[in-house]
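I opened the model to look up a few local features and write them down. The entries follow the structure.

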Amino acid sequence: QVQLVESGGGLVQPGGSLRLSCTPSGFTLDYYAIGWFRQAPGKEREWVSCISTSGGREYYADSVKGRFTISRDNARNTVYLQMNSLKPEDTAVYYCAARYYRSTYCPREYDYWGQGTQVTVSS
């Protein structure tokens, strides 16, 4: 039983904020790089952000840089994605993903995925 569960999605007005959570079932996240992806209707899945296992380095897509923040709370075995200044273009299903990857970098591919949580930005 290895899986991830996302939560925190919902409906928010433009300029608002949401915080997504990613929690595992069956393993601890200490040595797993965690990535966030999103997919809007009719579009390809897009990489959003990731956090490394060594040093907690953060990486962001240009489209969200300065607005989103990824963080890891090892005590709670949870990774968060804080999303501020949300735009309608951020509307998508958001997925978290994990791979055992002990590095200051993030992997190109991931092994474990959640089912996704819907984020809708609309007035």
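**Conventions.** I am working on a predicted model, in which local features need pLDDT of at least 70 and side-chain atom pairs count only at pLDDT 80 or more, while totals for chains, interfaces and linings use all residues. Residues are numbered from 1 along each chain as its sequence is written, and side-chain values use heavy atoms, with hydrogens and water left out.

**Cores.** I looked up nonpolar cores (sets of buried Ala, Val, Leu, Ile, Met, Phe, Trp, Tyr and Cys residues joined through side-chain atoms within 4.5 Å). Buried is under 20% relative accessible area, exposed is over 50%, and partly exposed is in between, with a 1.4 Å probe and protein chains only. The largest core has 28 residues, and those touching the most other members are Ile34, Trp36, Phe68, Val79, Leu81, Met83 and Tyr94. Strands are DSSP E runs of at least two residues, numbered from the N terminus. Among those supplying at least two residues each to this core are S3 (18–25), S4 (32–39) and S9 (92–100). S9 gives the largest share, four residues. I also noted a second, separate core of five residues, including Phe37, Ala97, Cys106 and Tyr110.

**Salt bridges.** I searched for a side-chain nitrogen of Lys or Arg within 4 Å of a carboxyl oxygen of Asp or Glu. The whole structure has six such salt bridges.

- Arg67 and Asp90 meet at 2.8 Å, N to O. They sit 23 residues apart, Arg67 in the loop between S6 (58–60) and S7, Asp90 in the loop between S8 and S9. Arg67 is buried at 10%, and Asp90 is buried at 2%.
- Arg99 and Asp111 meet at 2.9 Å, N to O. Arg99 is in S9 and Asp111 in the loop between S9 and S10 (112–113), so the pair ties together parts 12 residues apart in sequence. Arg99 is partly exposed at 22%, as is Asp111 at 42%.
- Shared partners join Arg38, Glu46, Arg67 and Asp90 into one network.

**Positive phi.** Which residue other than glycine has phi near 55 degrees? I found Asn77, in the loop between S7 (68–73) and S8 (78–83). Asn77 is buried, at 19%. Its side chain reaches the backbone oxygen of Phe27 at 3.4 Å. Ser85 is not a glycine either, and its phi is about 50 degrees. I placed Ser85 in the loop between S8 and S9, where Ser85 is partly exposed at 41%.

Key. Polar contact = N/O pair within 3.5 Å; in protein donor to acceptor, adjacent residues only side chain to side chain.
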